[in-house]
Amino acid sequence: MTASLDSAYWLGLLISVVLPVLVGLVTTRVVNAGVKATLLLALSTLNGFLVELGAPGDDYSVGTAAVLALVSFATGVLMHFGLYKPTGIAGRAQDVGSKTSTPRTI
């Protein structure tokens, strides 16, 4: 038995992997962790439903979309705590665009 996934599902998985970085880019270090988690959940839900919409075939399944959203959220959380946070990628994403000034030395 061979499992085959359509390109829409692979694209959804790739988006799930980068969602925590996207959340880091649009938030700052001072934003509450609950707000960040809610934003990740909202983006994951959107990702899951759009992936199901983009999947080939005429039958749209809300149940499948909900499962895809759950998988997307879990993937994002695992990527954040398993890779992005320990390596500092999450912190650097939150520092992008910050207006902290560093003192100049002459």
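Biologist: What makes residues 33-54 helix H2, and what span does H2 reach?
Modeller: Helices are DSSP runs of H or I with at least four residues, numbered from the N terminus. H2 has 22 residues. From first C-alpha to last, H2 reaches 31 Å, close to the 32 Å expected at 1.5 Å a residue. The expected span is 1.5 Å times one less than the number of residues.

Biologist: What kind of model is this?
Modeller: A predicted one: local features need pLDDT of at least 70, side-chain atom pairs count only at pLDDT 80 or more, and totals for chains, interfaces and linings use all residues. Numbering runs from 1 along each chain as its sequence is written, and side-chain values use heavy atoms, leaving out hydrogens and water.

Biologist: Why is serine 72 called buried?
Modeller: Buried means under 20% relative accessible area, exposed over 50%, partly exposed in between (1.4 Å probe, protein chains only). Serine 72 has 1%, so serine 72 is buried. Serine 72 lies in helix H3.

Biologist: Which residues of H2 are buried?
Modeller: Lys36, Leu40, Ser44, Asn47, Gly48, Val51 and Glu52. Seen down the axis of H2, they fall within an arc of 130 degrees, so they line one face. The arc is that of the directions from the helix axis to the C-beta atoms. The face turned away from the buried side carries exposed Thr38 and Leu53.

Biologist: What does serine 72 touch, not counting residues up to four places away in sequence?
Modeller: Ser16, Leu19, Ser44 and Asn47. Contact means heavy atoms within 4.5 Å. Cover for the buried residues of H2 includes helices H1 (7-26), H3 (62-87) and H4 (89-95).

Conventions:
Helices (H or I, at least four residues) and strands (E, at least two) are DSSP runs, numbered from the N terminus.
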